[in-house]
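Please read them beside the sequence and the coordinates.

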Amino acid sequence: MRKRYASDTLLSFAFAYSLVAELIRLKRAYEKNNTMKLKHQLSVLLLTILFSISAIDSLRAEIVIIANPSVDTNTLTKKEIKRIFLGRRVKWNDTLQIEIVVLKDPPVYKEFTKKITKKSVSQFTNWWRKLMFTGKANLPKEFETENELLDYIAKTKGAIGYVSSATALEGVKKLEISD
Amino acid sequence: MKKVLFLIIFSYIFFVGNVFALEFGDVSIHGFISQGYLRTDKINYLADTKEGTFEFNEMALNFSTILTPGLRAGLQIFSYDLGERGNDEISLDWCYGDYQWQSWLGVRIGAMKTAYGLYNETRDIDILRSGIFLPAGVYPEIVRDDMQSIRGASIYGEISMYFMGDLSYTATIGKHIFTPDKGFAAAAELLLVTEVSQFGYENVQADIIEADAGFVKNIVLKWNTPIIGLVLGTSYYNIDDYYWNAVGEAGELFLSSMTMHNWFGWVYSLQYTWNDLVLTYESYGMVLDYKSRFQYPSIPFVLDSDTRDHQESWYISVTNRFSEYFELGFTYNEYYPDRNDKDGSKINREAEVGAGSAGNRLPDYYAWAKSKTISARFDLTSNWCAKLEYTSTDGQAFYNNAENEESDKEQQWSLYAAKITYMF
């Protein structure tokens, strides 16, 4: 995990450096009133921004869905996972309640809400607050670190959560995602 | 005593517990407390706002637990103050048992929040939206107390339509708690005084002594379309046999009553979410068919009148979250108390006849309210939220006699609002 964050940080600095360098070149072209160069630099800047955005986007954490071994399924569809994490399905079967667990580590959390629930972090938070303040659900359990989350899911029957794909999994099962 | 208990729990959470939620065994406890400030420039709106007022707060505390897989129970107590409304009286907001048998079928029994439109269930909880107030035409304050919750039963679920998305539904039957001193009845009491005064009586007094209704039927459908982020919805409610009875004094005692043959309303909703941008459109209609009766004991006949009110409103809003801490929203709302009199020609004529003098005519702009609102939301921490809001309104359809003098007739007016909320 740490290695990945270090490489992410280095790449982010590299993108920031190229953006600043392009801006300086653009300023110089503007000061020299060189129209051709100005157009050229603007195109390069635009491409750099687009590349940076897509590259930074790809830096986001990949996540895996995990559950307590008591959960009797190994595969869930994307749609079913979304329904579970939005509180629309509340039990695995007649004897096992679903307990949702959320990791609030920012890059993983952001990736999870966007990819799994198709919501931003604030929209996801408000979704659950709405359910809670109208009596339709209890808020998911929240943890700041993956170790705490893994520990809780391993001990809690019916629990489901997510971690980054680089995390070593112990005492929990990984759920495969199908279309 | 209840208020003291309420405050003790909040004080404990605020000063002692550095927590996002309290848990006692299997019981989760959550809540929020908010304090706002309102100021208007030309008329009073909802409170004595021309001088600025802090009579604008809300508090809620809820307890919930999971009893067996699929079965949960909980309750929420709630209080609010908004000028003469609420007055921090504690009420049972919701209290019900909820069993989800399958995703497509669940049952709730007890007192549930009344669902219509995208926001009525959460109208008391402004932390769930960008703005401080909901668009007043679609979510009228006049029925806020009456439509807070339904005591009864509902079925709900979500039906997968495969490549066509999902359809969620909620159908509820039960009763609203109508009281003579709140909501629709309280507004009717003020209207009664105004109407009797128009016939030249002075020091008119009226007191609604009884208000109730039969069953409420409520259905909400939401279609999560295959287009990611696009939700379409519709809501419908019908209230059977609403009535109130009043006694009053205008020179001598009089009796008055109102019985509603039809009271139904509907909302059409469209919401599109693209990343942090949310576009919302809702249109609202409400029909009231009622018979009013007015009787002086000293005269041998009664005055009966049959009336149909058909209200109409719509709004469009756009909000965008710019960062974890900041969100901005804009809303445009139009409201017409009488959809057949959008230009005010009828209200002007009726007032002339009622008052018997052209000098007392209601201006045509009492027939509409068109408001533009800008809201800024600041999420200071995950528990603290602050908001600022500015609303500019053309028209006086939201005008309330209780909060204004006869001379307060202004077509254009503005509302400034600020609010801070703590939740856990």
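The points below cover confidence, composition, cores, selected helices, backbone angles and cysteines.

1. Basis. This is a predicted model, in which local features need pLDDT of at least 70 and side-chain atom pairs count only at pLDDT 80 or more, while totals for chains, interfaces and linings use all residues. Residues are numbered from 1 along each chain as its sequence is written, chains are lettered from A and ligands numbered from 1 in the order in which they are written, and side-chain values use heavy atoms, with hydrogens and water left out.

2. Confidence in chain A. The pLDDT (the predictor's confidence in each residue, from 0 to 100) averages 84 in chain A, and 83% of the residues score at least 70. Residues 1-5 of chain A have a pLDDT below 50, and beyond near neighbours in sequence this stretch has 10 contacts in the model. Residues 54-59 of chain A also have a pLDDT below 50, with 7 contacts beyond near neighbours in sequence. A contact here means heavy atoms within 4.5 Å.

3. Make-up of chain A. Chain A has 6 helices and 8 strands; helices (H or I, at least four residues) and strands (E, at least two) are DSSP runs, numbered from the N terminus. Along the sequence the pattern is α-α-β-β-α-β-β-β-α-α-β-α-β-β. Of its 179 residues, 46% are buried, where buried means under 20% relative accessible area, exposed over 50%, and partly exposed in between (1.4 Å probe, protein chains only). Among contacts in chain A with a separation of 6 or more, 70% join residues 24 or more positions apart. Chain A exposes about 9,800 Å², and carbon and sulfur atoms supply 59% of that area. Accessible areas come from the Shrake-Rupley method with a 1.4 Å probe; for residues, only the protein chains shown count as cover.

4. Make-up of chain B. The secondary structure of chain B comprises 3 helices and 19 strands. Chain B has 424 residues, of which 51% count as buried. For contacts in chain B with a separation of 6 or more, residues 24 or more positions apart account for 63%.

5. Cores. A nonpolar core is a set of buried Ala, Val, Leu, Ile, Met, Phe, Trp, Tyr and Cys residues joined through side-chain atoms within 4.5 Å. The largest has 39 residues, and B:Tyr242, B:Trp244 and B:Trp263 have the most contacts inside it. Helix H2 (183-197) and strands S9 (205-212), S11 (230-239), S12 (243-250), S13 and S14 (277-295) of chain B each give two or more residues to this core. Leaving out residues up to four places away in sequence, B:Trp244 touches several residues, including B:Ala188, B:Leu192, B:Ile208 and B:Met258. A second, separate core of 37 residues includes A:Phe112, A:Trp128, A:Tyr152 and A:Leu175.

6. Strand S13 of chain B. B:Phe254 lies in strand S13 (residues 252-274). B:Phe254 counts as buried because its relative accessibility is 1%. Its C-alpha atom is separated by 26 Å from that of B:Ile347, 93 residues away along the chain.

7. Helices of chain A. Does the span of helix H5 (residues 121-133) agree or disagree with 1.5 Å a residue? The 13 residues should span 18 Å, and the end C-alpha atoms are 18 Å apart, so the two agree; the expected span is 1.5 Å times one less than the number of residues. Buried residues of H5(A) include A:Phe124, A:Trp128, A:Arg129 and A:Leu131. Just after H5(A), A:Gly135 has a positive phi of about 85°. In helix H3 (residues 78-85) of chain A, the buried residues include A:Glu80, A:Ile81 and A:Arg83. A:Gly87, which follows H3(A), has a positive phi near 75°.

8. Most residues other than glycine have a negative phi. B:Leu46 has a positive phi near 70° and sits in the loop between strands S2 (27-40) and S3 (56-68) of chain B. B:Leu46 counts as buried because its relative accessibility is 5%. For B:Asn87 phi is positive at about 50°; the residue lies in the loop between strands S4 (71-82) and S5 (91-102) of chain B. At 36% relative accessibility, B:Asn87 counts as partly exposed.

9. Cysteines. How many disulfides does a search of the whole structure find? Over all chains there are 0, with a disulfide taken as a pair of cysteine sulfur atoms within 2.5 Å. B:Cys95 is partly exposed at 30% relative accessibility, whereas B:Cys385 is buried at 3%.
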